[in-house]
Each structure stands twice: as structure tokens, then as C-alpha cells.
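Here are my notes on the model you sent, as numbered points. Please read them with the structure open.

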Number of protein chains: 2
Amino acid sequence: MARSWFSEPPEDQKEVCPVTETQDIIAGKWKIIILWHLSIQTRRFNELHRLLPGISKGILTRQLRELEEDQMVHREVYKEVPPRVEYSLTPIGQSFIPILDSMGEWGIKYKKSCKKAKAYTNL
Amino acid sequence: MARSWFSEPPEDQKEVCPVTETQDIIAGKWKIIILWHLSIQTRRFNELHRLLPGISKGILTRQLRELEEDQMVHREVYKEVPPRVEYSLTPIGQSFIPILDSMGEWGIKYKKSCKKAKAYTNL
DNA sequence: CGGAATCCCGGCTGATACTG
DNA sequence: CAGTATCAGCCGGGATTCCG
């Protein structure tokens, strides 16, 4: 018993519900968006930073590291001056691209089919 | 200026990157899992509560409400004693099912193809 | 350029108690 | 049964500073 003493009955849940695994990986405010940008092409760190307006370098680093740990993203360091680091999708990450595409298409259809009630919460 | 004074350049971002929309909707610790359970069949409140070990009723309610606001989930109240409330997917929610399925399948493949490094962080 | 190290902060999450 | 209300806390995001 490491840390399963509260609110976490991990095993059975993941057995029963396979999306749990996926949920764990793409949870994180920027991960889906990062993966999407990497699905287009390999990107450098600052390139990603520019593509994600509002994210700080610290956070970007963390999200990328976590994606690395989950073997979704590959980090290639070129020993140069100034340094260059390129991020790309691993094979596992690439296998996720169809889902990213679906999510993109769905997002577009979603915007068309409904004006978000959330925006008008004050009604 | 409501609350967009920091870290939120919403418009352009969503233009450029369609997954942002989707990200916003499925963000939330339990939403994907809730949607998945509802994709199987209509469920009652306590049924969902049992299916999601670890979630509290308060949180479950909130996540469901948010999914309702986003028009993903329909809430049907039966005027009975004791009360009965059933949750199901709206048409928009149903249009998301393929993605849920993909995520489920992907999650299974993922588990096979890699032993998560995260679990052994202490190495 | 691409981070690492810190600190801070808010919001979501979660527990508990109460209600119709 | 299906919530609401309230409060606590934690974690993850964010800003800033420093480094090779």
C-alpha cells in the first residue's frame, strides 16, 4: 500500500473502464494542445512556447516532461550553441493522432452546433 | 474585462487549434469517464456514483452539471418518491462516442505497449 | 535557447452534514 | 434517492529568477 488508502481504488477501475488510462495521460491543461501541435510536425521548445499563448516556460517544460514519461513525446537534444531541442511524437504518441484529429473535427462541429450555454451562465 | 487579464488569449488560439474547444469540455478529472459510462447506457445518479469509486456526490453533481451546460449530457428528472434522475448523452454527447471508444481502445493498447515509467518514478 | 529552481495562488477536488 | 451547502486542502498552473 503505497498511497491507495483514500479515494483511489485504482485497479478495478482501470479494468472496468479503459478510458481511465487515457484520461490520466491527457489530463493537464495543455497536453492535448501540445500533442496536437506536435502531430503537425516536430517543434522546438520556443516554437511550442509561441504556439501556446499564455503558457509559461516552466509549465511547458513540465507538461512536456510528463508526456515524455508517458512515452508520448520524444525529446531530441542537439549539442549546439545555442542549444536546440526538438520535440516530436513517439510511435505511441503517433498512434494517438487519429484521436487528436477526431477531437479537432469534433470541436469544430461542436462550435457550429451549439452556442455554449456556459458563456451565458448569468441567464 | 471579466477575467481575461492574464494567461488567456482565447480567440486566436481557438481559431488556430481546434482541439482547444474539445479540451475545454473534457477537462475535469472525471468527465471523460462519466461520458464513457453514459455511452454504454443511461445511468441513474447513484449508479454513476458507484461506478466512479472515489468521487464524492458533490463533485459528481458538479461535473454532471458542467457537462449539461456544455450540452453533452441530458438530465431527466422523474417526479417520483423516492426521486429518480437519469443521465444520458445528448445528440452532441453521442457524437462524441466514437472518440470515447477510440480512447478506450487506445488505452488498452497503450497499457500493452508500455509499462508506464511514471509508476516507477522512484527508480 | 532551453531549461531548473522557487514561490505563490486559486480553483478544483473532496469530506461532511443536512435536506426534500 | 438525489442532491445542496459549507469548508478544508492539495495539487497543478503560473510568475519570476537564475543558469549553462
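1. A:Pro82 sits in the loop of chain A that runs between β2 (73-78) and β3 (84-89). This is a predicted model, and in it the peptide bond from A:Val81 to A:Pro82 is cis, with omega near 0°. In chain B, B:Pro82 is likewise placed in the loop between β2 (73-78) and β3 (84-89). The bond joining B:Val81 and B:Pro82 is a cis peptide bond, and its omega is about 0°. As background, most peptide bonds are trans.

2. A:Gln71 is not a glycine, yet its phi is positive, at about 60°. Its position is the loop between α5 and β2 of chain A. At 30% relative accessibility, A:Gln71 counts as partly exposed, because the partly exposed class lies between under 20% (buried) and over 50% (exposed). B:Gln71 also has a positive phi, near 60°, and is found in the loop between α5 and β2 of chain B. With a relative accessible area of 28%, B:Gln71 is partly exposed. For context, most residues other than glycine have a negative phi.

3. A:Glu68 belongs to helix α5 (residues 57-69) of chain A. Is A:Glu68 buried, exposed or partly exposed? Its relative accessible area is 28%, so A:Glu68 is partly exposed. Apart from neighbours within four places in sequence, A:Glu68 is in contact with A:Val73 and A:Arg75. A:Glu68 and A:Thr90 are 22 residues apart in sequence, and their C-alpha atoms are 8.9 Å apart in space.

4. On the overall make-up of chain A: there are seven helices and three strands. Along the sequence they follow the pattern α-α-α-β-α-α-β-β-α-α. Chain A has 123 residues, of which 42% count as buried. Taking contacts in chain A between residues at least 6 apart in sequence, 43% join residues at least 24 apart. Chain A exposes about 7000 Å², and carbon and sulfur atoms supply 55% of that area.

5. Helix α3(A) is mostly covered, with nine of its 10 residues buried. The buried residues are A:Lys31, A:Ile32, A:Ile33, A:Ile34, A:Leu35, A:Trp36, A:His37, A:Leu38 and A:Ser39. The list includes the charged side chain of A:Lys31.

6. A:His37 is placed in helix α3 (residues 31-40) of chain A. Its relative accessibility is 1%, so A:His37 counts as buried. Leaving out residues up to four places away in sequence, A:His37 touches A:Arg43, A:Leu48, A:Leu51 and A:Leu52, and also B:Cys17 of chain B.

7. B:Cys17 is buried, with a relative accessible area of 0%. A:Cys17 also counts as buried, at 0% relative accessibility. How many disulfides does the structure hold over all chains? The structure holds zero disulfides over all chains. As a reminder, a disulfide is a covalent bond between the sulfur atoms of two cysteines.

8. The axes of helix α2 (residues 19-26) of chain A and helix α7 (residues 97-113) of chain B come within 7 Å and cross at roughly 85°. The two helices, α2(A) and α7(B), are therefore roughly perpendicular to each other. On the α2(A) side the residues are A:Val19, A:Glu21, A:Thr22, A:Ile25 and A:Ile26. These meet B:Leu100, B:Met103, B:Gly104, B:Trp106, B:Gly107, B:Tyr110 and B:Lys111 in α7(B). By class, the contact of α2(A) with α7(B) divides into seven nonpolar, three polar and two charged residues.

9. Within chain B, helix α3 (residues 31-40) packs with helix α5 (residues 57-69) at an angle of about 75°, and their axes are 10 Å apart. That angle makes α3(B) roughly perpendicular to α5(B). From α3(B), B:Lys31, B:Ile34 and B:Leu35 meet B:Leu60, B:Gln63, B:Leu64, B:Glu66 and B:Leu67 in α5(B). The residues of this contact are five nonpolar, one polar and two charged.

Key. Residues are numbered from 1 along each chain as its sequence is written. Chains are lettered from A and ligands numbered from 1 in the order in which they are written. This is a predicted model: local features need pLDDT of at least 70, side-chain atom pairs count only at pLDDT 80 or more; totals for chains, interfaces and linings use all residues. Side-chain values use heavy atoms; hydrogens and water are left out. Helices (H or I, at least four residues) and strands (E, at least two) are DSSP runs, numbered from the N terminus. Buried means under 20% relative accessible area, exposed over 50%, partly exposed in between (1.4 Å probe, protein chains only). Contact means heavy atoms within 4.5 Å. Axes are lines fitted to C-alpha atoms, for helices over the stretch in contact, and angles run from 0 to 180 degrees between N-to-C directions. Angles under 35 degrees count as roughly parallel, over 145 as roughly antiparallel, 65 to 115 as roughly perpendicular and the rest as oblique. Accessible areas come from the Shrake-Rupley method with a 1.4 Å probe; for residues, only the protein chains shown count as cover. A disulfide is a pair of cysteine sulfur atoms within 2.5 Å.
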